[in-house]
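Subject: Structure handover

Hello,

Here is the structure for you to look over.

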Amino acid sequence: MGLQAALAAGGGEYRGPGRGPASRDAHADEVHPHSQALKNPDGSWKYTNRLAHEISPYLLLHAHNPVDWYPWGEEALERAREEDKPIFLSVGYSTCYWCHVMERLVFSDPQIAALMNQWFVNIKVDREERPDLDEIYMTATQLITGGGGWPNSVFLTPDLRPFYAGTYFPPEDRFNIPGFPKVLRSLRQIWEEQRPQVEQQADQLTAAIRQSQEAQGAAADSGALKQALVDEAVQRLKGRFDNTHGGFGGAPKFPPDMDLELLMAEYGRTGEKELLDIVTHTLEQMARGGIHDHLGGGFHRYATDSRWRVPHFEKMLYNQAPLAKVYLQAYQLTGREELRQTAEDIFGFVSQVMKAPEGGFYSALDSETDGIEGKYYLWTEEEIRQVLGEQADLFLKVYGLAPMPEGEGAVLYMPRSLEESAGIMGMSEAALSKELQPLKETLLRARQERPLPLLDTKILTAWNGLMIDAYAYGYEVLGEEAYLQIARQAAALVLERLRDGEGQLQRSFREGTVKYAAYQEDYAFLARGLLGLYRATEDARYLERAEELAKQMVEQFWDEQQGGFYLTSGTENLIARTKSPYDSATPSGNSEAAHVLLELGRINGKQDYLDRARRTMQAFAGAMQRGPGEFSRMMLAVEKFLHPALGTAVGQDAAGTAPAAQEQKVSSLAALLSNLNPSGKGADTLLTDSAALVQAEPFVSADRLVPGETFQVAARLKVTEHWHINANPASFDFLIPTTLQVNSDLPVEVLSVDYPPSAELKSELAEESLAVYSGEVVILATLRLNAGAAPGSKGWLRLQLRYQACDDRRCLAPAQVELPLEVEVAGRGEHPTSLHPELFGAE
């Protein structure tokens, strides 16, 4: 779960930087020229609504609309009930093009806003903050329209039952698509004059949504818990491994801590050296890259390039915790000092910046200062020389400067290991490290004179559980007493202060105030931290409190019918309850629950815990088989379940069956709403994922590859009619460009990737043109096989594609697909045959 998920009332994978209102203001004119029309002559905003207090960049985009927006919460819901007004629920996310268009052309229009404010209670939701709401109400849109996508525009009764939905609506009627004012007037009339039919429609939809959620629940995915599940996940990681820069796939690159932990566990079971090599190479490349803060310690959120050099500069607590632990695990396996030092750098950063005086850990350090991404962290060579004087030459022999793609300044990184730099300079690694340390401290002091990024001082139960576990493990491995004390203090604060008046666990704490009932992941992650303290100290009190949390988690969230855990306790009056088994920036609550229950069962010998752990994993075994890359943390639980002592399985392979999910549609008040339903394309399919709309095939230019010579690969994409994908480069920074990355287990070097010319798309519903690909598209990459490649050997090229599909009204979730190609190295004297001249040209 990401930053917005934990700081609001919901959960979900983080996708965009969390920014405060000030930085949104700073970027408004640049991103949306229309914002000037919403300002007074003195530059102040004409309108400010409740979203100005949110941290989601998507919500902040709407903070100065004339719409009287509410975030999802009791204030809005109570008003709807008291005034008996329908709710307009608008769900989107920050990289959705049509979400931006609707904000600009519809929600910024004062006349349209006046209708919305008069007749509806208007709620804006970031789908990445509230995946539970997104899933429920996207199901409603699919049932009503036969399609889906974002923005998702849903109209609800005051008790949250949907009765009408669509995606993008223009500001006026265009091309058989009703304008939003027409939608508002018609629905208001229906609400006032034909309420019984509206209620009936809402009842039908709600029943269908509940049935859909039940059909998609755990039991529908049940299957066997077998080693083959883990093996497939490991093979997938090996295939996606970037041999040159470490990590998996192409840019952007996120720290793959859960993947690396799974590989280390499998290495411990099999002794396969390749797995450990993947782990250490990745961790070393990350530690040397700009994603690692070489002066202040800790890691930034992700790298925008494949070499880990230019980060998105936000620092998240939920990154620091698992990375510190995975670096220490790798250190224990290898003894490499670089890995230990990196873990200690993380602990140092968290202790100095993220630790609250009263105990516990803050959530995040912003990416911007003065509205400029990374400004606090960037340097020029001239600045370094001014600060260090004559000693700058030594520093710049070890550290490089990676320029930012836009703007001034560059990011510190290490182009080679400290050991390699020491060898080049004719000195020992220890001696070089000793000389560099005061230089780094001097630069850090100079950097601390700059305006500081915003520190988000919320203390979140789930993320604190992760950090408690990391500090406890740091004490366990390194014997550093301070780490243990920090972990103990944080655990005491969360256990004592993050409670409501009835003693129930809460999610968020700030300045003495607790907010929001805890989600299932809060119980699971905090139990993880307490079990870490128990392992480190053998203090039975931590085991007892972990067991208490596990019992409460089972009581409040367990699905007795189908196994697994719900995201919420059911106390919030949503029309359905959701489960989210997929790992994202943090492990899923179901994944972590499986680990906690396994460990508790083995410690205290209680079969009930082991059974529930098994049922949780078994519940999602089918989903794990279909998408192993989304379940690394749960795969690790399966590994521990099957091999608790690197050999003996806890139980036999377990299989289960359940009724298949049934697709269904609901009639949508056809007589009442027919004038609002546009004749869109593809309404006979339920779509939310871009992968369903693009057929992709891989090709190679020769039947054999010659060592030392170049060759080409191609990805041919066929985009479904009436849809497009963003070109590379994309028209706007917030859009996701189509990208191709090539990985291989052969020694190849990617020389270039050639993207085709884009087509200009001018939608009648938007003001600006977009650079897009549609129809058939071919992306070419030129590679060179290393001269030392073994003649006659075989291997795989894996083309990694990332793209996002949109049509003329909506965007779908981005997709990343892998296209494998088996290739052979030419034997001595063999001459390759050219293939596919229609793609690569004739020789």
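How many of the 843 residues of the protein count as buried? The share is 59%, where buried means under 20% relative accessible area, exposed over 50% and partly exposed in between, with a 1.4 Å probe and protein chains only.

Some ground rules. This is a predicted model, in which local features need pLDDT of at least 70 and side-chain atom pairs count only at pLDDT 80 or more, while totals for chains, interfaces and linings use all residues. Residues are numbered from 1 along each chain as its sequence is written, and side-chain values use heavy atoms, with hydrogens and water left out.

Confidence: pLDDT is the predictor's confidence in each residue, from 0 to 100. Its mean over the protein is 85. A value of 70 or more is reached by 87% of the residues. Residues 216–221 stay under 50, and the model has 21 contacts for them beyond four places in sequence. Contact means heavy atoms within 4.5 Å. Residues 646–672 are also below 50, with 60 contacts beyond near neighbours in sequence.

Overall fold: the secondary structure comes to 28 helices and 28 strands. Helices (H or I, at least four residues) and strands (E, at least two) are DSSP runs, numbered from the N terminus. Among contacts with a separation of 6 or more, 71% join residues 24 or more positions apart.

Cores: a nonpolar core is a set of buried Ala, Val, Leu, Ile, Met, Phe, Trp, Tyr and Cys residues joined through side-chain atoms within 4.5 Å. The largest has 121 residues. Those with the most contacts inside it include Tyr327, Phe361, Met617 and Met624. Helix α13 (residues 317–334) gives the most to this core, with 10 residues. Another core lies apart from it, with 73 residues, among them Tyr58 and Trp72.

Helix α24 (residues 607–619): its 13 residues should span 18 Å at 1.5 Å a residue, and the end C-alpha atoms are 18 Å apart, which agrees. The expected span is 1.5 Å times one less than the number of residues. Its buried residues include Tyr609, Arg612 and Met617. The buried residues of α24 pack against α22 (540–557), α23 (589–604), α25 (621–626) and α26 (632–642). Leaving aside neighbours within four places in sequence, the contacts of Met617 include Leu225, Leu598, Met624 and Phe641.

Helix α21 (residues 520–537): it has 18 residues and reaches 26 Å from first C-alpha to last, close to the 26 Å expected. It is mostly covered, with 15 of its 18 residues buried. Just after α21, Glu538 takes a positive phi of about 60°.

Glu266 is found in helix α11 (residues 257–270). It is buried, with a relative accessible area of 4%. Leaving aside neighbours within four places in sequence, its contacts include Gln227, Asp231 and Glu639. Gly148 sits in the loop between α7 (131–145) and β4 (152–156). At 0% relative accessibility, Gly148 counts as buried. Gly148 and Arg810 are 662 residues apart in sequence, yet 8.1 Å apart in space, C-alpha to C-alpha.

Best wishes
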